Amino acid sequence: MTHSPLTRRRLLQTGAAGLALGLSGLPRPARAQEAVALQLSWLHSVQFAGSYIALQNGWWREAGLEVSLLQGGPNAPVEPPVVAGTALVGISAADYAAAAVAQGAPFRIIGVAMQKNPFAIASLPDNPVETPADLPGKSIGMAIANTPVLQALCKLNDVDFDAIRIVPTQYSAQPLVAGEVDCLLCWETDLPVAMAIQGVEARTMLMADHGYALHSQTYIVTEDSLANRREALVALMAGEARGWEACRADSDAAADLTVALFPDAGLDLPTQKLQARRQLPLMFSDLTERHGFGWWSDEAVEANIRTLSLLGREVTPTLWDRSILEAVHAG
């Protein structure tokens with residue numbers, strides 16, 4: 001599915017000032033609007049720019065939906081609102097969805113925004129980590145909770161995990177910049193971006209390029225919604241697809257919109273622009289070019305199941321359901 005490129009003028013023409021995550025300034029279609037919510041996985045930022053574009057331009061309204069975007073964060077997990085029906089769709093990740101399913105949540109993944117997992121190992125040019133084989137003998141700054149992630153990467157690449165020194169750190173680039181650690185476990189789209197904005201050159205080794213297959217920024221729904229609210233799901237995912245294609249067409253405009261919509265969120269415009277540029281290559285691939293935004297392959301599911309097993313999560317291919325995307329991208 002393709003759409004005409006979205007210009008900066010078109011993106012911002014409706015104006016952000018009147019938006020309170022509901023487009024009161026836009027003309028309403030004659031038909032009744034179905035109120036639904038999309039639960040975001042984190043605080044507002046350009047990470048969700050495609051959703052903001054879809055909302056700002058009234059594309060969901062055109063399809064009969066009144067969409068509310070619910071902010072996530074450290075105290076706002078995605079899964080409970082979806083189970084409770086407060087949110088029709090939530091943006092999660094395959095490991096979180098698998099954990100919830102193991103506890104009885106009736107989830108299905110209906111879309112995959114990030115074709116490549118954003119986890120990366122960041123290092124400095126004078127002491128680079130370019131492959132997993134470079135990790136033994138190095139100190140790595142990371143949250144202890146991410147130890148299974150590093151263990152999985154090591155197992156996938158036959159690397160001696162015990163030869164790596166883990167240094168518990170706050171989620172900050174400072175330990176690396178100060179020389180306290182040799183590298184950091186982080187997302188490609190945040191700490192390396194923060195360093196670049198500060199003028200610090202960093203090397204990043206994307207873990208997805210070394211076998212760490214784990215779908216991120218996935219769209220989850222309940223089995224009940226999948227069975228009984230298909231029309232709303234197709235309309236919501238069609239808007240997401242259209243919004244992200246527009247973001248890809250002009251990511252700087254998407255960052256401008258994000259900062260304008262959330263003036264009190266402390267968002268730095270240059271940081272948001274660079275984050276968008278780093279994020280988009282993780283979201284679009286030859287596969288999405290052929291099939292459309294959010295698509296995944298059966299081979300990717302198999303790779304995810306292997307990685308999830310290393311993380312202690314046993315799932316089957318039935319966790320993923322492509323039927324909504326098939327309807328979105330039909331023809």
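**Figure 1. The largest nonpolar core of the predicted model.** Of the 92 residues in the largest nonpolar core, those that touch the most other members are Ile-121, Met-207, Tyr-219, Trp-244 and Trp-320. Helix H10 (residues 230–249) gives the most to this core, with nine residues. A nonpolar core is here a set of buried Ala, Val, Leu, Ile, Met, Phe, Trp, Tyr and Cys residues joined through side-chain atoms within 4.5 Å; buried means under 20% relative accessible area, exposed over 50%, and partly exposed in between, with a 1.4 Å probe and protein chains only. A second, separate core of 10 residues includes Ala-122, Ala-173, Leu-176 and Met-195. In soluble globular proteins, nonpolar side chains tend to be buried together. This is a predicted model, in which local features need pLDDT of at least 70 and side-chain atom pairs count only at pLDDT 80 or more, whereas totals for chains, interfaces and linings use all residues. Residues are numbered from 1 along each chain as its sequence is written, and side-chain values use heavy atoms, with hydrogens and water left out.

Figure 2. Strand E5 spans residues 119–123, and five of its five residues are buried. Phe-119, Ile-121 and Ser-123 point one way from the strand, while Ala-120 and Ala-122 point the other way. Helices (H or I, at least four residues) and strands (E, at least two) are DSSP runs, numbered from the N terminus. Leaving aside neighbours within four places in sequence, Ile-121 is in contact (heavy atoms within 4.5 Å) with residues including Val-129, Leu-135, Ile-140, Leu-184, Met-205 and Met-207.

**Figure 3. The open sheet that contains E5.** Five strands form an open sheet in the order E7-E6-E8-E5-E9, with mixed pairing; two strands pair if DSSP finds at least two bridges between them. Strand E7 (165–168) and E9 stand at the edges with a single partner strand each, so one side of each is left without a neighbour in the sheet. From one strand to the next, the twist averages 30°. Axes are lines fitted to C-alpha atoms, for helices over the stretch in contact, and angles run from 0 to 180 degrees between N-to-C directions. E5 runs antiparallel to strand E8 (residues 183–187), to which five bridges join it, and Leu-185 in E8 is the bridge partner of Ile-121. E5 is also antiparallel to strand E9 (residues 203–206), with four bridges; here Ser-123 stands opposite Arg-203. Strand E6 (residues 139–142) pairs with E7 in the parallel sense over four bridges, and Gly-141 has Val-167 in E7 as its bridge partner. Helix H6 (residues 147–156) packs on the sheet, touching E5, E6, E7, E8 and E9, and its direction makes about 140° with that of E6.

**Figure 4. Packing of helices H10 and H12.** H10 and helix H12 (residues 269–283) pack at an angle of about 125°, with their axes 10 Å apart. The two helices are therefore oblique to each other; angles under 35 degrees count as roughly parallel, over 145 as roughly antiparallel, 65 to 115 as roughly perpendicular and the rest as oblique. The contact is made by Trp-244, Cys-247 and Arg-248 of H10 and by Gln-279, Leu-280 and Met-283 of H12.

Figure 5. Strand E1 (residues 34–39) and E3 pair in the parallel sense over two bridges, and Leu-38 stands opposite Val-89 in E3.

**Figure 6. The buried residues of helix H5.** In helix H5 (residues 94–102), Ala-94, Ala-97, Ala-98, Ala-99 and Ala-100 are buried. Their cover includes helix H4 (79–84), strand E3 (89–93), strand E4 (107–114), strand E10 (216–222) and helix H14 (298–310). Gly-104, whose phi is positive, near 105°, follows H5.

**Figure 7. The setting of Ser-225.** Ser-225 has its place in helix H9 (residues 223–228). With 9% relative accessibility, Ser-225 counts as buried. Not counting residues up to four places away in sequence, Ser-225 touches Leu-88, Arg-230 and Leu-233.
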